[in-house]
Amino acid sequence: MSETIFTKIIDKSIPADILFEDDDVLAFRDINPQAPLHFLVIPKKPIATINDITPDDYALVGKLSGVAAQVAAEYDVAEQGFRTVMNCNEYGGQTVYHIHLHVLAGKPLGWPPYQETLKSQ
Ligand code: AMP
């Protein structure tokens with residue numbers, strides 16, 4: 001897998017506002033926040049997209065949700081609620097090809113999360 005901006009955040013060659021770190025996982029604030037609290041939870045292992053997750057990764061990918069809830073609790077938004085999103089490839093809106101769980105919190109979030117009207121099915 002080619003290096004991404006998130007690899008550079010993991011190896012600290014570029015700065016990020018880190019909210020959580022352990023041997024497997026990093027959480028940091030999104031540089032372009034879409035909610036009062038918007039952070040990303042990523043595995044340190046570079047996995048390009050959801051499509052590239054293998055059974056060996058299931059525990060690691062599950063841990064992303066656990067860390068999301070842990071950080072949300074630390075920032076006192078867990079009880080209000082929050083949204084997690086993982087975009088996949090072009091139609092999913094993925095721009096960085098290292099999987100990341102978006103965590104959006106701090107205001108009521110609309111649903112559905114897109115504007116387009118489905119014209120035909
Ligand atoms: P996605 O479009 O789902 O691939 O999301 C990529 C996210 O990474 C976007 O929300 C960007 O704002 C965020 N992002 C890109 N570069 C950085 C960076 N250097 N630090 C923090 N967040 C970033």
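**Ligand contacts and an aromatic pair**

Trainee: How far is an oxygen atom of the ligand from a polar backbone atom of V96?
Mentor: That's a polar contact (N or O atoms within 3.5 Å). This is a predicted model, where local features need pLDDT of at least 70 and side-chain atom pairs 80 or more, while totals for chains, interfaces and linings use all residues. Residues count from 1 along each chain as its sequence is written, and side-chain values use heavy atoms, without hydrogens or water. For V96, the distance to the ligand oxygen is 3.0 Å.

Trainee: Which residue puts a polar side-chain atom 2.7 Å from an oxygen atom of the ligand?
Mentor: G93 uses a backbone N or O atom, 2.9 Å from a ligand oxygen, so to speak of side chains we look elsewhere. The side-chain atom at 2.7 Å belongs to N87.

Trainee: How much of the ligand's accessible area does the protein cover?
Mentor: On its own, the ligand has 510 Å² of accessible area (Shrake-Rupley, 1.4 Å probe).

Trainee: Which element gives the most to the shell around the ligand?
Mentor: Both α1 and β2 supply at least two residues. The top giver, with 3 residues, is α1.

Trainee: What kind of aromatic pair do F6 and F28 form?
Mentor: A search of the whole structure finds 1 aromatic pair (ring centres within 6.5 Å; planes under 30 degrees apart are stacked, over 60 edge-to-face, the rest tilted). F6 and F28 sit 5.4 Å centre to centre with 75° between the planes, making the pair edge-to-face.

Trainee: Why does that pair tie together separate parts, and how many residues apart are they in sequence?
Mentor: Helices (at least four residues) and strands (at least two) are DSSP runs. Because F6 lies in helix α1 (residues 5–10) and F28 in strand β2 (residues 25–29), the pair links parts whose separation in sequence is 22 residues.

Conventions
Rings of Phe, Tyr and Trp (its six-membered ring) pair if their centres lie within 6.5 Å; planes under 30 degrees apart count as stacked, over 60 as edge-to-face and the rest as tilted. A polar contact is a pair of N or O atoms within 3.5 Å; within protein, one must be able to donate a hydrogen and the other to accept it, and residues adjacent in sequence count only if both atoms are side-chain atoms.
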